[in-house]
Amino acid sequence: MRRLIIDTDPGVDDAFAIALAARHPDVDLLALTTVAGNIGIEHTTRNALNLLALCGREDVPVAVGAHRPFSRAVRGDDAHGNDGLGGHAHNFGTSSANLDPRDAVTLLVDLLTAAEEPVTIVPIGPLTNIALLLAAHPGIKPKIERLVVMGGGINGGNITPSAEFNFWVDPEAARRVLVEEDVPVTLVPLDITMRVAVGDDWLAELAAANDVGRELTAMTPGYRAFYKKDTGKDDLIVHDAIAVAEAIRPGILRTTPMMLDVDCTDGPGSGATIADVRNKVDPPNGRVVDVALDADIEGLRSYILDELSSRY
Ligand code: BDR
Ligand code: CA
C-alpha cells in the first residue's frame, strides 16, 4: 500500500490526478490539502470535496490550506474556467462531510506524526502549504518519504516565457522547498508533462469507461482550448496526474539529479526554474533534486488511461 497525501488546487488536471489516486486499490490516500492557485481557495476546496464524492471517497479528509502565496498577492489565469473545473464543477456530487476542521498544515503535521512509516506527499499546486509546513515544523521532515512535486520547467515556462504556473504563483515557496530545505524531492516539470499530452482517442476511451471518466472528460474542452493557443494541438495536458503516477509507481519517470534555484525577482524571469546543467561529469554535490526529464511516454499514457478506466 502506498500512503499518499495530495496537496492540490483543482484544477482540471488536478481532477485527473485525484481520481487516479482516490480510486487506486494500492493507494492509501490519507488526505487532500488545498491551496489557492488555479482558482481561489473556496473553489479549490469545494472542488476537492466534490471530486472525492465523485470517486466515492468521502472517507478521505480535506483540509483548507493557504489562501494566498507566501509573500505575494493572489494571481491566477483562466485556463481552468471560472470554477476551476472547466465550468463543470456543479455538475456532480456535492459534499462537505469530510471537510476537516483543522487547517492544512495542522492536518499534515497530525497525519505525519501518527504515521508509522514515512509518507509521500504529492504537491500539485503552488508550494505554499509545503513551505509553511517545513518552515514551521522542521522536526516533521523524517516523516516525509519524498515530495513528488509537479512544477517548474527546465527549458521554459507556460504562464510566462520563463515560468511554470505553480512556481510563478509562489516563487518564494518553491525556492524554500527546492533549495532551502533538505527533504527528498522528485520534480515533475513541464519538460516531461507537456510530452504526455493525450488526444481524442484516449479521452473517448476514458469517457466510455465509467462515470468518473465521463465527468473528467466533460471538464476538459476549455482547458484544451487554452493550451491549443500555445501548442497548436487540441490535446489534453494531464500535468498533475503524471506526478501522482510517479508517486504510485516510483520509477515510472526517469530522473536526473540537478541543482536548482527559483527566480524570486519581479522581472521577466519571475518564477523561472534555474537548473545548473553544467555538472555533466561530476554529479552535483550540493542540494540536488531528482528531475523527471524522460519516460516511456506511450507507456505512461496507457498506464494512466488503464488505471482511470479499470474500476467503476
Ligand atoms: C500546473 O499549473 C496548473 O495550471 C496545473 O494544475 C498544474 O498543476 C501546470 O503548470
Ligand atoms: Ca494543479
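Predicted model: local features only at pLDDT ≥ 70, side-chain atom pairs only at ≥ 80, totals over all residues.
On the H4 side the contact is made by Thr128, Ile130, Ala131, Leu134 and Ala135, and on the H6 side by Ala173, Arg176 and Val177. Sorted by class, the residues of this contact are 6 nonpolar, 1 polar and 1 charged.

Helix H4 (residues 128-136) also packs against helix H3 (residues 104-114), at an angle of about 60 degrees and with the axes 9 Å apart. H3 and H4 are therefore oblique to each other as well. H3 contributes Ala104, Val105 and Leu108 to the contact, and H4 contributes Asn129, Leu132, Leu133 and Ala136. The contact of H3 with H4 holds 6 nonpolar residues and 1 polar residue, with no charged ones.

A further pair is formed by helix H8 (residues 200-209) and helix H12 (residues 297-309), whose axes cross at roughly 15 degrees and come within 9 Å. This angle makes H8 roughly parallel to H12. The crossing of the two helices is right-handed. Trp202, Glu205, Leu206 and Ala209 of H8 meet Arg301, Leu305, Leu308 and Ser309 of H12. The residues of this contact comprise 5 nonpolar, 1 polar and 2 charged.

Helix H1 spans residues 12-22 and is mostly covered, with 11 of its 11 residues buried. The buried residues of H1 include Val12, Asp13, Asp14, Phe16, Ile18 and Leu20. H1 is also one of the elements that give two or more residues to the shell around ligand 1, together with helix H5 (165-169) and helix H11 (239-248). Of the 14 residues around ligand 1, those that come nearest are Gly11, Asp13, Phe165, His239 and Asp240. The shell is made up of 4 nonpolar, 6 polar and 4 charged residues.

Trp168 lies in helix H5. Trp168 counts as buried because it has 27 C-beta neighbours inside 10 Å, and the cut-off for a buried residue is 20 or more. Leaving aside residues up to four places away in sequence, Trp168 touches Ile159, Thr160, Ala163, Ser270 and Gly271. From Trp168 to Pro257 the separation is 89 residues in sequence and 22 Å in space, C-alpha to C-alpha.

Tyr227 is found in helix H10 (residues 221-231). Tyr227 is partly exposed, because 18 other C-beta atoms lie within 10 Å. Tyr227 and Asn158 are 69 residues apart in sequence, and their C-alpha atoms are 9.0 Å apart in space.

Methods: Residues numbered from 1 in each chain as written. Chains lettered and ligands numbered in written order. Buried ≥ 20, exposed ≤ 12 C-beta atoms within 10 Å, placed from the backbone. Helix = DSSP H or I, 4+ residues; strand = E, 2+ residues; numbered from the N terminus. Axes fitted to C-alpha atoms, helices over the stretch in contact; angles between N-to-C directions. Parallel < 35°, antiparallel > 145°, perpendicular 65-115°, else oblique. Contact = placed C-beta atoms within 7 Å. Nonpolar A, V, L, I, M, F, W, Y, C, P; charged D, E, K, R; others polar. Near = placed C-beta within 6 Å. Left-handed = near helix turned anticlockwise from the far one by under 90°.
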